[in-house]
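Visitor: I am new to this structure, and I would like to learn how to read a few of its features step by step. Could we begin with the view itself?

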Amino acid sequence: MINTQSSCEDIYEDGLLSVENALKHILENSPLITGHQQLPIEQARGYCIAEEIKAAFNVPAHNNSAVDGYAVHDDDLPEKETVKLEIVGTALAGKPYQGEVSSGECVRIMTGAVLPHGLKTVIMQEHVNVEGDSLEIGATHKAGQNVRLAGEDLAHGQTVFKVGKYLTPPDIGLLASLGIAEIKVNRKLRVAIASSGDEVFGLGEKLSTSGIYDSNRYSLLAALDRPDIEVMDLGIIEDNPDTLLTTFQKAADYADLIISTGGVSVGDADYTKAALQASGEVDFWKIAIKPARPLAFGHIGKATFFGLAGNPVAVMVSFYQF
């Protein structure tokens, strides 16, 4: 007699749920986190912004030099040959030149220094000849060159970050440049993780003849190691439907998300499936993906639940796919 039962060796199997449909169902049935917290920006990397951020002033705040050189009047730029200008002062970053600059005059200027009133062009110091207080420039320069205009990066009132922006290290620097010391972010996602199976042993325990060390929780702990996630480690839960369900129900009082590994297939000893079927809020799927074909998804109390297969490779595939 030929065995027509489907198996893990099958490439195709009737009734498999596509990855796309599984993801669609998961997204449609996963609630958004509510609740926010105020954090100093140096602690906010990896969080999502909970309020729109707008620039309170222009960045840069003033027209300034992009290079070390000499600030000149546009009308003094020669159309041909060369011209000599008198150097009447110096502008430094944080110490602007305060005087007026007449035609035929220029100001020594450093990178980041505010342009003196009326001057809109900077000549790089490498492109001039200086003798004492006299400057000679040629006819190869253009009006407005080597200048950073006020508001060029960000204009006053411009939206810098929208709600939901995931904060990266450069984002933190940008917030600091706007003088923002604290920011409102989404609170941490609370995730409870557990392994199940009487054959699974914790690190440091002596293995039985048929035992294996628990690796899945450690993979998940590493995968969930993010500033915006708080992990609750439920440890290894014994293969008992009542114990499993009770543990998950208690975890649901705290966690937004519960991830369990093992016991969601079709075997007689798949106790996680038996326990969750009693809750009536968890669906068990066979998905058109391998490894990670079996998956449980649903809700226990207020928490969203994922039951992953026990195979370590399947756990990682399920985690990153779903």
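Visitor: Leaving aside its neighbours within four places in sequence, which residues is Ser196 in contact with?

Guide: Please keep in mind that this is a predicted model. Beyond its neighbours within four places in sequence, Ser196 is in contact with Ile237, Asp239, Leu244, Thr261, Gly262, Gly263 and Thr272. One of these, Gly262, has its backbone oxygen 3.3 Å from a polar atom of the Ser196 side chain.

Visitor: Where does Ser196 lie, and is Ser196 buried or exposed?

Guide: In a regular strand, side chains alternate between the two faces of the sheet. Ser196 lies in strand S13, which covers residues 189–196, and Ser196 counts as buried because its relative accessible area is 8%, whereas the cut-off for buried is under 20%.

Visitor: In what sense does strand S5 pair with strand S9, and in what sense with strand S6?

Guide: Strand S5 (residues 83–91) pairs with strand S9 (residues 134–137) in the antiparallel sense over 4 bridges, and there Lys84 stands opposite Glu136. With strand S6 (residues 105–109), S5 pairs in the parallel sense, over 4 bridges, and Ala91 stands opposite Ile109.

Visitor: Which residues make the nonpolar surface patch, and why does Leu207 count as partly exposed?

Guide: The patch, of about 370 Å², is made by Leu203, Leu207, Tyr213 and Tyr218. Leu207 is placed in the loop between strand S14 (200–201) and strand S15 (212–213), and Leu207 counts as partly exposed because its relative accessibility is 33%.

Technical notes
Residues numbered from 1 in each chain as written. Predicted model: local features only at pLDDT ≥ 70, side-chain atom pairs only at ≥ 80, totals over all residues. Heavy atoms only, no water. Patch = residues over 30% accessible without salt bridge, like charges linked within 9 Å, V, L, I, M, F, W, Y side chains within 5 Å. Areas by Shrake-Rupley, 256 points an atom, 1.4 Å probe, with all protein chains shown as cover. Salt bridge = Lys/Arg side-chain N within 4 Å of Asp/Glu carboxyl O. Helix = DSSP H or I, 4+ residues; strand = E, 2+ residues; numbered from the N terminus. Buried < 20%, exposed > 50% of the residue type's maximum accessible area, 1.4 Å probe, protein only. Polar contact = N/O pair within 3.5 Å; in protein donor to acceptor, adjacent residues only side chain to side chain. Contact = heavy atoms within 4.5 Å. Pairing = 2+ DSSP bridges.
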